[in-house]
Amino acid sequence: MSYVQGFMLAVPEANKDAYREMAEKGWSMFKRYGALSMQENWASDVQDGKVTSFPKAVKLEEGEAVVFSWIVWPDQKTYHAAWEKMMQDPEMEGMEMPFDGMRMMWGGFEVLFSS
């Protein structure tokens with residue numbers, strides 16, 4: 001059963017191209033380690049909620065956009081094995097993150113329904 005690694009973060013709008021470049025480089029590594037697909041999404045219609053929302057979750061600041069993304073893996077075992085290998089991969093060293101990683105959230109999900 002597929003396994004999805006999901007992410008949500010705030011990226012300065014000025015870093016949109018740098019973020020896209022980082023995602024493209026990341027995809028080549030994720031694919032090499034077994035990922036099936038990756039989706040990066042830049043907010044275009046994300047409202048601030050009264051209690052909770054995407055902007056509140058990432059503590060969105062002026063001049064930033066919410067990014068919502070995910071990577072699909074064949075299964076959780078493949079994901080965990082890949083992550084171990086990626087943490088040892090020299091390609092990860094010195095990779096610049098064009099966002100505040102302290103406001104990034106991520107998690108792994110088993111697929112409940114897909115069409």
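**Entry 1: D89**

I began with D89, which is buried, at a relative accessible area of 10%. For my own reference, buried means under 20% relative accessible area, exposed over 50%, and partly exposed in between (1.4 Å probe, protein chains only). I found D89 in the loop between α3 and β4 (105-110). Helices (H or I, at least four residues) and strands (E, at least two) are DSSP runs, numbered from the N terminus. Leaving out residues up to four places away in sequence, D89 touches M29, R32 and Y33; contact here means heavy atoms within 4.5 Å.

A note on the source: this is a predicted model, where local features need pLDDT of at least 70 and side-chain atom pairs count only at pLDDT 80 or more, while totals for chains, interfaces and linings use all residues. Residues are numbered from 1 along each chain as its sequence is written, and side-chain values use heavy atoms, with hydrogens and water left out.

**Entry 2: the whole chain**

Next I stepped back to the overall layout. I see three helices and four strands, and along the sequence they follow the pattern β-α-β-α-β-α-β. The radius of gyration is 15 Å, close to the 13 Å that the globule rule gives for 115 residues, so the chain is as compact as a globular protein of that length. That radius is taken over C-alpha atoms, and the globule rule is 2.2 Å times the number of residues to the power 0.38. The C-alpha trace spans about 40 × 35 × 20 Å along its principal axes.

I also noted that 30% of the 115 residues are buried. Of the contacts with a separation of 6 or more, 83% are between residues 24 or more positions apart. The chain exposes about 7800 Å², and carbon and sulfur atoms supply 54% of that; accessible areas come from the Shrake-Rupley method with a 1.4 Å probe, and for residues only the protein chains shown count as cover.

**Entry 3: the core**

Which residues touch the most other members of the largest nonpolar core? I get L9, Y19 and W73, in a core of 16 residues. Elements that each supply at least two residues of this core are β1 (3-12), α1 (16-32), β3 (64-73) and α3 (76-88). By definition, such a core is a set of buried Ala, Val, Leu, Ile, Met, Phe, Trp, Tyr and Cys residues joined through side-chain atoms within 4.5 Å. In soluble globular proteins, nonpolar side chains tend to be buried together.

I followed L9 first. Setting aside neighbours within four places in sequence, L9 is in contact with Y19, V58, A65, V66, V67, F99, R103 and M104.

Then I turned to W73, which sits in strand β3 and is buried, with a relative accessible area of 0%. Beyond residues up to four places away in sequence, W73 touches a list of partners including Y3, F30, Y33, L36, Y79 and M86. I also checked W73 against A57: they are 16 residues apart in sequence and 25 Å apart in space, C-alpha to C-alpha.

**Entry 4: salt bridges**

How many salt bridges are there? I count six, taking a salt bridge as a side-chain nitrogen of Lys or Arg within 4 Å of a carboxyl oxygen of Asp or Glu.

The side chain of R103 meets that of E64 in a salt bridge (2.6 Å, N to O). R103 lies in the loop between α3 and β4 and E64 in strand β3, so this pair ties together parts that are 39 residues apart in sequence. Both R103 and E64 are buried. R103 also pairs with D100 (3.1 Å, N to O), and D100 is partly exposed at 34% relative accessible area. Back to D89 for a moment: salt bridges that share partners join R32, D89 and E91 into one network.

I looked up R20 and D17 as well, whose side chains meet at 3.4 Å, N to O. Both lie in helix α1, three residues apart, about one turn of the helix. R20 is partly exposed at 42% relative accessibility, whereas D17 is exposed at 52%.

**Entry 5: a backbone angle**

My last stop was K59, in the loop between α2 (54-57) and β3. Its phi is near 55°, a positive value in a residue other than glycine. K59 is exposed, with a relative accessible area of 60%.
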